[in-house]
Amino acid sequence: MSLTKEQIDQKTEDLKAFIAEHKDTKGPLMPIMQYAQGLFGYLSLEIQGLIADSLDIPLTEVYGVATFYSQFSLQPKGEYVVSVCTGTACYVKGAQAVLDKVVEILGVDVGGTTPDGRFTIQDTRCLGCCGLAPVMTINGEVYGRLTPADVKGILEKYM
């Protein structure tokens with residue numbers, strides 16, 4: 001779902017107000033970036049530039065933080081984020097085959113978003129569900145003890 005110009009303008013104004021309120025506090029960068037990510041769903045180069053300019057810091061500092069922490073995304077994510085755990089327990093129990101099936105069905109590579117903006121595929125490390133290995137989550141809903149044959153039915157619930 002793409003935003004209208006008016007929605008983007010409103011979110012930008014909300015971000016500017018949040019920055020103004022927090023820029024003089026100790027360590028404002030992370031909370032500001034988290035707020036921006038929450039507003040926009042990702043940190044575009046334009047938003048990173050706005051944050052850098054507002055805090056009077058180099059854009060490279062904002063970008064460095066954005067690329068270091070996995071909580072931040074530089075690209076828009078789909079409506080449904082499909083994460084397949086490829087940590088040790090899941091990998092040993094066949095997670096790669098499950099991930100390959102997700103990629104095959106959705107037609108985009110890991111890290112990509114479907115052209116309709118509905119699905120983003122991620123491989124992730126340990127989700128803390130090792131007893132259910134292999135595990136996949138969709139927007140936080142956990143599916144465990146998966147085989148590649150299970151993937152199509154699960155994804156169809158979201159299509």
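This note goes through helix packing, some single residues and the backbone of the model.

1. Basis. The model is predicted, and local features need pLDDT of at least 70, side-chain atom pairs count only at pLDDT 80 or more, and totals for chains, interfaces and linings use all residues. Residues are numbered from 1 along each chain as its sequence is written, and side-chain values use heavy atoms, with hydrogens and water left out.

2. α2 against α3. Helix α2 spans residues 29-40 and helix α3 residues 45-55; their axes come within 11 Å and cross at roughly 150 degrees. Helices here are DSSP runs (H or I, at least four residues), as strands are (E, at least two), numbered from the N terminus. Axes are lines fitted to C-alpha atoms, for helices over the stretch in contact, and angles run from 0 to 180 degrees between N-to-C directions. The two helices are therefore roughly antiparallel (under 35 degrees counts as roughly parallel, over 145 as roughly antiparallel, 65 to 115 as roughly perpendicular and the rest as oblique).

3. From α2 come L29, I32, M33, A36 and F40, and from α3 come I47, I51 and L55, where contact means heavy atoms within 4.5 Å. Eight of these residues are nonpolar, with no polar and no charged ones (Ala, Val, Leu, Ile, Met, Phe, Trp, Tyr, Cys and Pro count as nonpolar, Asp, Glu, Lys and Arg as charged, and the others, Gly among them, as polar).

4. α3 against α4. Helix α4 covers residues 59-68 and packs on α3 at an angle of about 125 degrees, with the axes 8 Å apart. That angle makes α3 oblique to α4. The crossing is right-handed. L45, Q48, G49, I51 and A52 of α3 meet L59, V62, Y63 and A66 of α4. This contact divides into seven nonpolar, two polar and no charged residues.

5. The two sides of α4. V62, V65 and A66 are buried (under 20% relative accessible area; exposed is over 50% and partly exposed in between, with a 1.4 Å probe and protein chains only). They lie on the same side of α4, because they cover an arc of only 100 degrees around the axis, taken from the directions from the helix axis to the C-beta atoms. Among what covers them are α2 and α3. The face turned away from the buried side carries the exposed residues T60 and F68.

6. L55 and K23. L55 belongs to helix α3 and is buried, at 15% relative accessible area. Beyond its neighbours within four places in sequence, L55 is in contact with I19, K23, P28, L29 and I32. K23 sits in the loop between α1 (5-22) and α2 and is partly exposed at 39%. Leaving out residues up to four places away in sequence, K23 touches P28, S54 and L55.

7. Backbone points to check by eye. A133 and P134 are joined by a cis peptide bond, with omega about -10 degrees; P134 is in the loop between β2 (119-124) and β3 (136-138). D56, in the loop between α3 and α4, is a non-glycine residue with a positive phi, near 55 degrees, and is exposed at 72%. N139, in the loop between β3 and β4 (141-143), also has a positive phi, near 50 degrees, and is partly exposed at 46%.

Definitions and conventions:
A crossing is left-handed if the near helix is turned anticlockwise from the far one by less than a right angle, and right-handed if clockwise.
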